[in-house]
Structure formats: structure tokens, C-alpha cells
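Reader: Could you take me through this one before I start on my own notes?
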Amino acid sequence: MIVKMRKTLFIILTMIATTLVAQQKPTHYIGLSGELGYANMLYKPAETGDGFKVRNAGGFGGGATFFWQMKQRAFIMRSGLGFDMLSSKSKFDIATAEAFVGQHAATNMAYRYATDKYSVKQPWGMFYVPILFGAEFNQFFFLAGAKLGMGFPVGKSKTEAEGSIYAVDDDIIGDMRDMPNNGLGNFALNSAGKLKYKPFNATLSAEFGINLDKWLMPKPQPRKGGQAKTRKKTFRELLHYRASIFVDYGLTNSYKEPSAYNEAFYHADANKSLMNSDLASVNNALTVNGDAFQNSSKSKLNNLMVGVKFAIMYEFEKPQPPAKPQPKPKPKPKPKPKPQPKPVPMLAGIIYDIDTNEPVPANVQVQDQAGTKVLFEGDVDEAGEFTTKIKPGTYKIVASLLGYQPYEQDMTFEKDQLQIGLKKIPEVRIVLDNLFFATNETTILPESEPALNTLYEYLTKYPERTILIIGHTDNVGSLRANQILSEGRANSVRQSMIDRGIAPERMQAEGRGELEPRVPNDSDEHRQMNRRVEFMVISDGA
């Protein structure tokens, strides 16, 4: 049977290898798996005899495998080197055995040997080479095949039993128990011996599992700008994780004589202080009902393990094929140049300071000649230039900038750039005398009405002008506090003018704090002079 199984396995491997050679570039892995579960050495005696029963209670087992795996599309193949170890327990129910006592044969007296709780615990291990095939679909996979290896005992087997020895005679009513003159009584057995197994073992193996990469693998890193579409994976991205349930069943019989079963059985008798003259006859009687132990050439012992398995694998990344050189495109014939229309000049200009000839950031409007329609409006750039899409003609040009006199003039544009010069308004500051505030506050005192009326009359007399109101303080106090105080007082004066009906857009307000004193702050009189509010004209009209 083993020869036929080897031939079949060889044919299967040859067919698979031929298929793989025809394919290109499968994915290869190496990995390590661990397993744990229920285990049992299934003992089946060749003959059971009267009253003889075997109950395979089982135990636990585990193992580890270092493996190589190949994947071609959905098909997977796995092999490597592994080790399994299991510890199992078998329990026996054995009927009583009798032996006639030679010197008392006329009385039909016999020894009766009875056992109870008879069990053998056998540790077993195997080094093996797994040969498994299967497939992987989405997140699930299965593998099936064989584990071929060598089984061997792992430590010593352990035999435990309890029993009694008593005498019986058909001529005497009842059993004669605990006869002190014959040394009969109860006994307990606890002995150890070595199990012997056949060296070759073939185990059928199957597992079904799930791919854990969805939960355990890191998310792929996003491709940064300039990186190739296919980048090299990191070490963590090449690790893969699998969990599965499995079942292993030994196809070959591992039982080999002499076994620990019958050895332990005899040890139980030899250690008891029976009557020496009758010991051989007792053993002979036990052999009759113990056929299962003695006639073991056809007995069977098969390993079984069912449990869970976890594996971690490292993927050998496939080398990226070199990029194919792209054929150079044939040069396209140059198209004949299309006739270009003659450029039409567009109105443009530059605005500058008349006194310094430096460009100024003014606002410019281009209106029709009647001044009723604005054709262009915008601020000039840092070079003081502006450009429009207006064709040559005669237009009204309006330019304005705070601190400069307004500019308005009709100009005829043909092709040259317009030159617009602005005249700066002389900076004349007018101090509002007799303007009083509460100490360290922005509240204007009532005695300041004449000064406020003077400013109001000025603004109503020149309605086209825009002014800047500036607040100042002395150097008493912190720089920040004086700055805030000067701004507040300037805004108080501006608000007073708004309350009187002056348009808010005609007035701006700011504070200079203690930074611009009129005189040194070296006396109370000088500090009084430095605490002031003044205004200056920044525009003569729109």
C-alpha cells in the first residue's frame, strides 16, 4: 500500500511541476506556522478477547513548521520541515483472569486476577516534510495533502492501574478475599516504559483558513509626487498573516512489538508478592484474556490531531521588468505660418510724481470724452504702469492718490504711452489749539467747543478736501499706552465732526503716541504742548 501511495504522489508532483514550468513568475513565500489542538493515538487491537475494551481518551498536541509556499494565481503549494508532538491516553477495561493453584488442584482452588482503571499514556512526536496543495479565493484558502516523516517516542510512556488478587474455590461458597496466609490483597501499579514505533509515518493533512492581511497589514503608503507608479514595498508590507483550522490523520500503522502495553502488563505481575510456585500459572491465565497485548502483530496505532494554526509569511517581491524603450515619434512637418494680423495699439500709460519722477500707486479711470461712461478703472502696478484694451482715440483721464492733487484731463491717444504726472500736496499740519481731554482719557471736555467749531467751519468751507486727524501725547506712561491714547483722541475728534454732519469718508484718524513731540518733554509746559491733536489735508478733491 505504501509503495502504491508513493507512486501516486510522485505522479501528482510531476504533473504539478510541469504545469508550474509552463507558467511565468509565481509569487514565493517563506514562513513559520504554529499549531495547537486535540490529539489522540488511536489504538485498535487485533483481538480483544472476552471482556476486553479500549477507550481512546486522547490528550493535547502542538507543533511548528518552517515552510516555503508558492502561489500561481489562485493555486498554492506548500512544503518545508515541521515537527509535531502529542500526548494521548488510552484506557482499558480488562476482564478477570484465573489460574489454578497446582498443589491445591484437588480442591479446585484458583487465583483470580482483576484490574480496574487500567490506562497507558503515550507521548509521540514526528519530524515530517509537508506536501500540500490548494487554492486561495478572496480572503479564504484551503490546503490538503500529506505529511511524510518519521515518528518516535517523546519521553517514556506511563502505565497506571488498580486491581485485586483473591482466591476462589467452587467447593466453597463465595470468594475468599484477603486471605492473609496466601498474601492476597489489592494492588496499585504506576510504571514507566518506552514505546516503540515504526519509523515511517504518512499522515493525511487538511486545513481551511482565512487571510488576515486586511486587518494586520499596514495600509499602502500613498505615492508621492515624482515617484514611479510601481514603488518597492516596505518590509511590513511584505509580511502576510493566515489563521486556519486543521485535521491530521495517520494513514500508516505506527504500532511495533514489543509494546509498552504488554510490557507494563507483565511488570504489574512481577512486582507483586504472589506465591512463587503459582506465579507462572497466573501469567499464563492472564495471557489468555490478554490476547490483545500478546498478539499485536496486526494491532493498529494511528495518530490524530485537530486544532487551530497561525502562520506568518514573508513575500519575495517580484522584480519589476525593465521599461520597454518607447519608439521615438516621427517629427511632424512644421505647419506653414499663418499670416498674423497687424497689432493694434492699446491705450497704456504711466503715472509718476512730478517732483521726484518716481512711479506712484495711483488709481486711474479712462472715461469717454463726455465723461459720462467709465471705460476702464484700476490701480497701477509697482512700476506705475497701466494697460487697457482701449483702441486709440480721445478720452478723459482721471487719476487720484491721497496726498496728491487730483488729475483730470482730456487726452488723445494714438500709439505712444501716456505720461501722467501727479503733484503732491504740501504737508501742512494745523494744530487744534484749546482742545482739552479728561486726564488719560479720550473724552473731549466741554471747553473744547471753540476748537471743534473751527475745524467744522474749515471742512464746510472746503467740501472737496479730505483730511487726516493725528493724535499725539507726551512721554509720561508706556509707549503702548500712549499709542492707544493718541489713537482714541484722534478718533474722538473725527466722531465729533461726523456728529456735526461731515461725511466719514472725508476724514481719516491715526495716533502717533509720543513719537513726534513738538518740543522736548523736559518740563510740564513742554509736555502740555506735546499733548495735542492736529490735522493735515491729504486730498484737494476727487
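Author: Thr 466 touches Glu 505, Arg 506, Met 507, Met 536, Val 537, Ile 538 and Ser 539, leaving out residues up to four places away in sequence, where contact means heavy atoms within 4.5 Å. This is a predicted model, in which local features need pLDDT of at least 70 and side-chain atom pairs count only at pLDDT 80 or more, while totals for chains, interfaces and linings use all residues. Residues are numbered from 1 along each chain as its sequence is written, and side-chain values use heavy atoms, with hydrogens and water left out.

Reader: Which strand is Thr 466 in, and why does it count as buried?

Author: Thr 466 lies in strand β21, residues 466-471 (strands are DSSP E runs of at least two residues, helices H or I runs of at least four, numbered from the N terminus). Thr 466 counts as buried because its relative accessibility is 12%, and buried means under 20% relative accessible area with a 1.4 Å probe, protein chains only.

Reader: What covers the buried residues of α7?

Author: The cover includes α6 (449-461), β21, β22 (507-511) and β23 (533-539); among the buried residues of α7 are Leu 485, Arg 489 and Val 493.

Reader: Switching topic, how many residues are in the largest nonpolar core?

Author: That core has 19 residues, and Leu 347, Phe 386 and Leu 422 are among those touching the most other members; a nonpolar core is a set of buried Ala, Val, Leu, Ile, Met, Phe, Trp, Tyr and Cys residues joined through side-chain atoms within 4.5 Å. Apart from it lies another core, of 18 residues, including Leu 432 and Val 537.

Terms used
Buried means under 20% relative accessible area, exposed over 50%, partly exposed in between (1.4 Å probe, protein chains only).
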